[in-house]
Amino acid sequence: MEFIVFCIAGKVHKFDLIILKMKFLNKYLRNLKPYKLASHKIWSVNSEERSNILKLDWNEATIPPSPKVKEHLLHILNEPTFFNLYPTTYNDRLLELLSGYVGLPKDNIQYFGSSDALHEYICKVYISVGDPVMILGPSYDNFRLTCQANGAEVYYSNFTEEFKFDSSKFENDIEKKEPAVVYICNPNNPTGNLHSQEYIEHLLNEFPDTLFLIDEAYYEFSSLTVKDLVLEYDNILISRTMSKAFALANFRIGYLIASKDNVQFINRIRNPKNLSTIAQEAAIAVLSDIGYMCDYVMEVRKAREYFIERMLQYNCSFTIYPGYGNFLLIKFSTIVEKQRLLKYLEEKNIFVRNTTQDPCVYNCFRITIGTCKQMEYVSNVIEQYYGRESQIGIF
């Protein structure tokens, strides 16, 4: 710890430099719990070693995106003005393709430099200092951080101990706190729970003065969306990402689905040049090859069911929770048991997410579901850990 020592009137005074420096901080950041990042070992090794790592901790796609992405980007790299000009501030082609994919008019859609960036804009537009925000939890923790950094008071309404949804409790919590915004991941991350369109519409009618942010980051893996509700209700925003099913995590592309008025409200402060040309063109490429994405989603769904079946064979002291995303939550009888398996998987270069955002998931980890071949490999490694004989293949 750094200290500054000086003398006044013959007396020695010592002050903590960190405290002195903190006076310049936004006061909401001073005691803010940071969003905890998972292991990123994959970026600390060379490309050859990287191919031997199975990264199942951030719910990225485990395969490259459509080959059209590379083909498209190589073409635009040859354009003479590509490097020195800002990106276009209105990409009509991208909006047309998003409109076709979503099935709503362009006026109801806007693209952003990641869904995280979209969440930051939403906080700035709809949440004032001191406003209560409610999160159906446990949930994606970065949204909590974004709200608290902007001075919001964050409250949780959690699933039951076994991650079941209690609608009466949830709605009572909303009535009690009267939040400005309610955040619901659908499917939920990390539990995998899914809410029907009918239930979300019920909430919109029951709480017309509350804005509901529905995070559909994993929509493709569930095939359930509430996007049509934006045509009728103003108290709903939907965020989506192209980091998961479309395999474009490194390009940081997200988009908003909302009423025309809500899109325009956010456009008032949105910086239109903050999505690079390379990202915009990558999005155009994958949206021009929807079939590739759909094939990958079907593969993940098959792998998810296969992995659940394999895990249920082990008769061990853990519970696996079936979900609707490209991930599954596994709960262990003790934290020690979880940590031992985490360590073993890491020794085999398999990285999964140690869930620490809420005490209710301290005994859990979340594992991203990849292809059938990848999940067969993971299953064999876990089987080996639990003392069964198995031929460990390669992925």
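Which helix holds both Asp141 and Arg144, and how many residues apart are they? Both lie in helix H6 (residues 141-149), three residues apart, which is about one turn of the helix. Helices here are DSSP runs of H or I with at least four residues, strands are runs of E with at least two, and both are numbered from the N terminus.

The model is predicted, so local features need pLDDT of at least 70 and side-chain atom pairs count only at pLDDT 80 or more, while totals for chains, interfaces and linings use all residues. Residues are numbered from 1 along each chain as its sequence is written, and side-chain values use heavy atoms, with hydrogens and water left out.

Side chains of opposite charge can pair when their charged atoms come close. A salt bridge is a side-chain nitrogen of Lys or Arg within 4 Å of a carboxyl oxygen of Asp or Glu. The whole structure has 13 salt bridges. One of them joins the side chains of Asp141 and Arg144, at 2.7 Å from N to O. Asp141 and Arg144 are both buried; buried means under 20% relative accessible area, exposed over 50%, and partly exposed in between, with a 1.4 Å probe and protein chains only.

Another salt bridge joins Asp57 and Lys55, at 2.9 Å from N to O. Asp57 counts as buried because its relative accessibility is 0%. Lys55, with a relative accessible area of 12%, is buried. Lys55 and Asp57 also belong to a network of salt bridges that includes Glu60.

The side chains of Arg252 and Asp116 form a salt bridge as well, at 3.2 Å from N to O. This pair links distant parts of the chain, 136 residues apart: Arg252 is in the loop between strand S9 (236-241) and strand S10 (254-258), and Asp116 is in helix H5 (residues 115-126). Arg252 is partly exposed, because its relative accessible area is 36%. Asp116, at 15% relative accessibility, counts as buried.

Now turn to a pair of helices. Two packed helices are described by the angle between their axes and the distance between the axes. Helix H13 (residues 335-347) and helix H14 (residues 372-385) pack at an angle of about 125 degrees, with their axes 11 Å apart. That angle makes H13 oblique to H14; angles under 35 degrees count as roughly parallel, over 145 as roughly antiparallel, 65 to 115 as roughly perpendicular and the rest as oblique. In H13, Glu337, Arg340, Leu341, Tyr344 and Leu345 meet Val381, Ile382, Gln384 and Tyr385 of H14, where contact means heavy atoms within 4.5 Å.

Note on methods: Axes fitted to C-alpha atoms, helices over the stretch in contact; angles between N-to-C directions.
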